[in-house]
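Please look over the model shown here before reading on. The points below take up a pocket and a helix pair.

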Amino acid sequence: MDESRRNFLKAAGVGAAGVAWGIPVVSAIAKALNTGKMPNALTTKRWAIMIDIEKCSQPEVIEACQKACHRIHNVPHVEGKNHEIKWIWQTTYSGAFPDQAHEYTAESLKKAPVMVLCNHCDRPPCVRVCPTQATFQREDGIVMMDQHRCIGCRYCMAACPYGARSFNWKDPRQDIENVREDFPTRTKGVVEKCNLCAERLAQGLEPACVEAANRVAGEDAMLFGDLGDPGSRISRVLRSKNTIRRKLGLGTQPSVFYVLPGPESIS
């Protein structure tokens with residue numbers, strides 16, 4: 001392999017193993033890491049997701065989103081809370097929004113299941129503390145991970161107030177049921193998290209979780225779009241809904257919004 005090709009693969013974040021996947025896949029990942037500017041790519045000023053808590057509180061919806069995400073990204077299924085790897089997971093309303101739950105919040109809402117993921121913050125503290133720039137922010141707001149630069153210091157995990165990052169305490173590949181060859185697997189000793197399906201955006205596709213939620217729960221269970229465009233659909237819908245974000249008081253400016261259920265759905 002000549003030096004220019006080796007440097008290209010390093011920049012792609014896949015290393016020499018990427019050769020086995022073929023040039024199109026390597027190229028897609030490389031472009032995704034470098035703002036996703038491909039001919040058919042979805043591009044924007046700042047990506048955001050809106051999640052309807054009521055529509056997405058059903059176990060089958062959360063499970064469909066998690067399975068879709070974890071399957072295409074080779075996320076291993078590791079038993080036990082201490083070592084589990086998660087890109088999308090379930091918590092309660094009180095767990096997701098501790099600053100929004102109080103003694104007069106309806107018990108049914110406090111206990112309602114809420115789907116959570118990396119918030120792709122506009123001001124991500126994880127990026128600021130990473131000593132190797134293994135975690136970095138693209139121009140469109142997506143917070144990415146380059147596992148080849150990760151030294152396993154876990155500073156980013158300590159800095160993230162949302163618990164959105166997982167550490168591979170062992171080789172994760174032994175816990176992947178069916179390895180997909182079109183997305184890189186990780187190794188022991190690195191951190192990983194949701195990448196907002198950057199590789200799908202580079203191909204003109206929406207995030208897998210958004211696609212799965214809308215298929216199972218109906219239109220606008222999750223909405224994905226450009227928060228940087230006041231005229232975009234997600235911007236217009238957000239202005240018409242009662243929405244909240246996780247731990248907004250910390251100043252991280254999350255890019256994931258949650259639509260509160262209406263009074264009639266709380267009993």
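**Notes on the pocket and a helix pair**

1. The largest pocket holds about 660 Å³ of space. A pocket is an open set of points on a 1 Å grid where a 1.4 Å probe fits, with protein on both sides within 12 Å along at least five of seven lines. This is a predicted model, where local features need pLDDT of at least 70 and side-chain atom pairs count only at 80 or more, while totals for linings use all residues. Residues are numbered from 1 along each chain, and side-chain values use heavy atoms, without hydrogens or water.

2. The lining of this pocket has 20 residues (an atom within 4 Å of a point). Gln66, His70, Val75, Pro76 and His77 lie nearest the centre. Helix 3 gives the most, with 6 residues. By class, the lining has 7 nonpolar, 5 polar and 8 charged residues.

3. Helix 3 (residues 59–72) also meets helix 9 (residues 208–217). Their axes come within 8 Å and cross at roughly 150°. The two helices are therefore roughly antiparallel (angle over 145 degrees).

4. Which residues make the contact of helix 3 with helix 9 (heavy atoms within 4.5 Å)? Helix 3 uses Glu60, Val61, Ala64, Cys65, Ala68, Cys69 and Ile72. Helix 9 brings Ala208, Cys209, Ala212, Ala213, Val216 and Ala217. By class, this contact has 12 nonpolar, no polar and 1 charged residues.

Terms used. Axes fitted to C-alpha atoms, helices over the stretch in contact; angles between N-to-C directions. Helix = DSSP H or I, 4+ residues; strand = E, 2+ residues; numbered from the N terminus. Parallel < 35°, antiparallel > 145°, perpendicular 65-115°, else oblique. Contact = heavy atoms within 4.5 Å. Nonpolar A, V, L, I, M, F, W, Y, C, P; charged D, E, K, R; others polar. Points joined across faces, edges and corners; volume = space filled by probe spheres on them.
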